[in-house]
Amino acid sequence: MNTQKSTVVDVTARSTEKPLLSVRNLKVWYELKRFGFLHAGYVKAVDNVSFDLPRGEAIAVVGESGCGKSSLMKAILGLVHPHDGEILFEGKNIWEGGREAMRAYRMQVGYVQQDPYGALPPFMTIKRILEEPLILAGVKDKKKRLERIIRSLEEVKVSPPEDFLNKYPHMLSGGQQQRVVIARALIRDPKMLIADEPVSMLDASVRVEILKLLDEVQKERNLSVIYITHDLSTVRYFSERIFVMYAGKLIEKASTHEILHNPKHPYTLALLNAISDPLAENATKLRDIPPGEPPSLVSPPPGCRFHPRCEKAIKGLCEVKEPRHVQVGERHTVACWLYDEERE
Amino acid sequence: MASPDLKDKALVVEDLVLYFKLTHGIVQAVDHVSFSLDKNRAVVVIGESGCGKTSMGKALTRLLPRNVSRYSGKVYIDGVETMSMDDETYRREVRWVKISQVPQAAMNALNPVLKLKDQVMEPLLLHYRNVSEEEALEQVHEVFDFVGVPDAFIERYPFELSGGMRQRVVIAMALITRPSVIVLDEPTSALDVLTQANIYNVLKRIKWEKGTSFVLITHDVATSSELADDVLVMYAGHMMEHSSAKEFFDEPLHPYAKMLMAAVPKLYGDEDLQFIPGKPPSLLNPPTGCRFADRCPFATEKCKTEPPTFRVGDRFVKCWLYEKDADEIVNSPQELAGVQE
């Protein structure tokens with residue numbers, strides 16, 4: 001069953017030496033219960049996902065809603081306990097070592113939420129919002145805390161910072177709120193940043209501003225970033241590698257350039273095909289969309305999970321046996337039988 | 001009343017004004033907007049949030065909140081003037097019959113306790129008294145088939161459907177009375193890319209096969225091109241540019257439209273993305289002169305007075321930069337809407 005075990009080393013990573021984060025055969029399953037106590041199966045939100053994230057690399061996880069990308073993120077943040085598999089941060093499993101170890105781990109990870117307004121407590125001033133992580137990190141000196149708050153506001157270009165310290169979140173525009181969220185994620189100098197759809201709630205003109213800011217911060221601090229999104233058109237401006245996720249599985253992993261110019265998996269092709277660039281001739285033609293909808297994660301289809309919607313499905317193989325990741329180019333792997341030379 | 005010229009247009013909007021009253025002043029949400037829409041065409045209204053797009057959609061279907069302070073202008077639908085009608089006549093003869101709306105976040109617009117068939121056939125039964133329930137049910141089957149929702153779903157409740165399916169049901173509902181104009185307010189903004197592309201396929205087929213006209217309100221410039229025949233750019237309640245889609249996506253005229261296009265992420269190509277510094281003015285006390293002048297890199301002294309709308313070829317643009325190249329200054333709303341009095 002476990003065909004993915006063969007890829008122990010993530011060949012798509014920039015360097016395979018001592019990755020900052022390694023995810024190994026991660027499974028995030030939620031148990032379903034009947035009458036509150038009888039076991040009634042699992043929702044397999046993340047199923048057998050493995051990858052490496054080296055220091056200073058920005059990766060993007062792309063997929064439709066319900067494909068498990070948020071569950072993957074929650075598992076990496078240590079918010080849900082994985083059903084199986086390991087998450088190694090600097091070589092150590094984040095779940096081994098108890099509460100103190102988890103606390104120390106979380107100090108090194110920043111999180112940028114999707115909806116900035118929902119992520120900022122409405123009754124706290126900006127100063128208080130940014131101060132809290134520092135208090136928790138044990139910065140006792142008030143002056144030092146204020147200094148760091150001002151420095152991080154400057155870093156995210158909220159200027160002049162002094163004017164904002166005593167404001168409440170509702171007094172800020174959407175773009176400014178998102179900047180404060182980013183400042184909060186960065187204030188403890190994390191090594192890794194997880195951004196969950198950081199621009200999907202923002203206006204088109206502000207979106208670009210925030211993407212540029214994230215890009216700048218990432219390069220300047222040499223941060224590792226996991227950027228989770230459903231919008232493939234924004235990833236090009238930001239990340240080095242793209243993981244395409246479908247129904248709980250990573251189905252294609254490659255550099256951004258490879259995914260855009262040399263996509264392999266039929267699902268990746270469909271995704272790219274569905275995105276429109278602003279051109280007038282779009283209005284004159286219908287787009288080619290795979291029929292149906294993503295499968296239920298309680299009882300996903302056997303074999304390749306995309307086979308019921310795939311035009312190129314090979315009868316007698318795709319619906320029976322799960323494809324493994326095969327390398328199809330430099331730093332490019334895909335889980336699809338079409339590219340596996342060893343298929344029977 | 002209606003001149004022969006008006007008859008060819010699905011929708012003619014002349015000098016539409018919609019202001020709201022708040023405790024600290026008047027919000028000028030839609031400020032003297034004029035345009036027209038031929039039959040079987042789609043116009044997209046684009047702009048940042050808070051520029052008056054949604055208010056304009058509401059003004060067209062007269063779904064107004066209580067704090068309206070001024071609502072004036074002329075709206076001809078299929079050559080019939082509707083603004084002079086009283087609310088009851090409008091409700092009976094225009095809304096759903098001639099113009100229907102797919103509201104923002106439409107997937108949450110369905111009534112959770114009614115079966116889909118009951119709510120989809122409701123507008124038909126209410127507006128056409130001579131339609132029997134069996135006939136209505138037949139129509140429901142037909143529109144469901146058209147928007148690509150499986151037939152068996154008509155017996156289901158909204159919660160049993162995915163977001164994209166629900167969106168299609170709402171579109172089916174807007175379609176069932178066969179109106180000549182459908183106003184779509186951000187029809188796909190909460191949906192996934194594949195579902196989004198799918199919905200646009202459905203809308204295109206409606207346009208091609210049923211001859212319906214669309215007013216599509218969106219902030220997503222890239223996907224709006226999927227349906228656009230004409231583009232109308234709004235900023236702070238004003239209409240900044242009105243062009244055909246072909247010309248607009250090739251080269252927008254107004255500086256705001258140019259910057260908006262430069263901020264659209266593209267899948268391929270390697271231009272750098274640009275953003276628009278600053279934020280739109282408050283509509284409570286909008287600046288005099290050009291409302292975009294504060295953020296405009298080309299702003300001059302002249303921009304302190306409000307520019308008229310210039311006609312450049314077949315396009316309209318409200319910017320002083322085109323004073324020299326313009327063919328004429330358009331003064332009357334009739335001219336702006338492309339109809340003769």
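Here are a few questions and answers on how features of this predicted model get their labels.

Residues are numbered from 1 along each chain as its sequence is written, with chains lettered from A in the order in which they are written. Local features need pLDDT of at least 70 and side-chain atom pairs pLDDT 80 or more, while totals for chains, interfaces and linings use all residues, and side-chain values use heavy atoms, leaving out hydrogens and water.

Q: Why is Asp52(A) called buried?
A: Buried means under 20% relative accessible area, exposed over 50%, and partly exposed in between (1.4 Å probe, protein chains only). Asp52(A) has 3%, so the label is buried.

Q: Why does Glu90(A) count as partly exposed?
A: Its relative accessible area is 33%, which falls between the buried and exposed limits. Glu90(A) forms a salt bridge with Lys191(A), with the closest N and O atoms 2.9 Å apart. This pair ties together parts that are 101 residues apart in sequence.

Q: How do you know that Tyr227(A) and Phe238(A) are edge-to-face?
A: Rings of Phe, Tyr and Trp (its six-membered ring) pair if their centres lie within 6.5 Å; planes under 30 degrees apart count as stacked, over 60 as edge-to-face and the rest as tilted. These centres are 5.3 Å apart and the planes 85 degrees apart, so edge-to-face it is.

Notes: A salt bridge is a side-chain nitrogen of Lys or Arg within 4 Å of a carboxyl oxygen of Asp or Glu. Helices (H or I, at least four residues) and strands (E, at least two) are DSSP runs, numbered from the N terminus.
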